Amino acid sequence: MARRTPSAQELHRRAVATYVKAGGEESVQRVITAVQGLTKKLDQWYAHQLVDLEVTAGEWAVVTSLAKAGEALTPSQLAELTNVAPSSMTHRLDKLAERGLVERSPDAENRTRIHVSLTDAGWQLFSVAIRGSDVVESDVLQDLSDAERGELARLLEVVIARLDDIDA
């Protein structure tokens, strides 16, 4: 007889119990384990989405970095933002430029410096991906009212603000 796969809720409960048994504080473990489980599940979905969009995770990191920056960035800035070596960034930018998703242009003040920006096609890819993931993310939160979503967002933003104060 095949064993049934435990639900996400059951896996969460077991993990919290294990961490508490090892000395963790229950309320902390409930929150952190839930965030980790949610992140893991969404990351799996996002990985499938990138395959469907024919974009690697590294290429997606460049697209999102440019979109979030709202301005052109240098390859060095992109390499730093995405945690890769400059040579790897050059390869990523070559592939994205070949697909028409980014464009390189020389800096008007320093002709040795290159700026990279999203093309209209790059913005369109970004938009399609965000709209697709918003459907799944909305499904994840469907059991929460608008007020509960707002409160959850507010509480998580308080936690995020604290992250800069923690030495890791």
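Predicted model: local features only at pLDDT ≥ 70, side-chain atom pairs only at ≥ 80, totals over all residues.
**The nonpolar patch**

The patch lies on the surface and is formed by Val28, Val31, Ile32, Val35, Leu152, Leu156, Ile160, Leu163 and Ile166. Together these residues have about 730 Å² of accessible area. The elements that give two or more residues to the patch are helix 2, residues 26-53, and helix 7, residues 146-162. Leu152 counts as partly exposed because its relative accessibility is 36%, a value between the limits of 20% for buried and 50% for exposed.

**The aromatic rings**

A pair of aromatic rings is described by two values, the distance of the centres and the angle of the planes. The count of aromatic pairs in this model comes to three. Two of them are set out here.

| Pair | Arrangement | Centre to centre | Angle between planes |
|---|---|---|---|
| Trp60 and Phe126 | stacked | 5.7 Å | 20 degrees |
| Trp123 and Phe126 | edge-to-face | 5.9 Å | 90 degrees |

Trp60 lies in helix 3 (residues 57-69) and Phe126 in helix 6, so this pair ties together parts that are 66 residues apart in sequence. Trp123 and Phe126 are both in helix 6, three residues apart, which means that about one helical turn separates them. Trp60, Trp123 and Phe126 form one aromatic cluster.

Trp123, at 40% relative accessibility, counts as partly exposed.

**Ser133 in helix 6**

Helix 6 spans residues 120-140 and also holds Ser133. Is this serine buried or exposed? Ser133 has a relative accessible area of 6% and is therefore buried, the limit for that class being under 20%. The side chain of Ser133 reaches the backbone oxygen of Ile130 at a distance of 3.2 Å. Which residues does Ser133 touch, leaving aside its neighbours within four places in sequence? The contacts of Ser133 are then with Trp45, Tyr46 and Gln49.

**In brief**

Helix 2 and helix 7 each give two or more residues to the nonpolar patch. Helix 6 holds Phe126, which pairs with Trp60 of helix 3, and helix 6 is also the place of Ser133.

Conventions:
Residues numbered from 1 in each chain as written. Heavy atoms only, no water. Helix = DSSP H or I, 4+ residues; strand = E, 2+ residues; numbered from the N terminus. Buried < 20%, exposed > 50% of the residue type's maximum accessible area, 1.4 Å probe, protein only. Polar contact = N/O pair within 3.5 Å; in protein donor to acceptor, adjacent residues only side chain to side chain. Contact = heavy atoms within 4.5 Å. Phe/Tyr/Trp six-rings, centres within 6.5 Å; stacked < 30°, edge-to-face > 60°. Patch = residues over 30% accessible without salt bridge, like charges linked within 9 Å, V, L, I, M, F, W, Y side chains within 5 Å. Areas by Shrake-Rupley, 256 points an atom, 1.4 Å probe, with all protein chains shown as cover. Salt bridge = Lys/Arg side-chain N within 4 Å of Asp/Glu carboxyl O.
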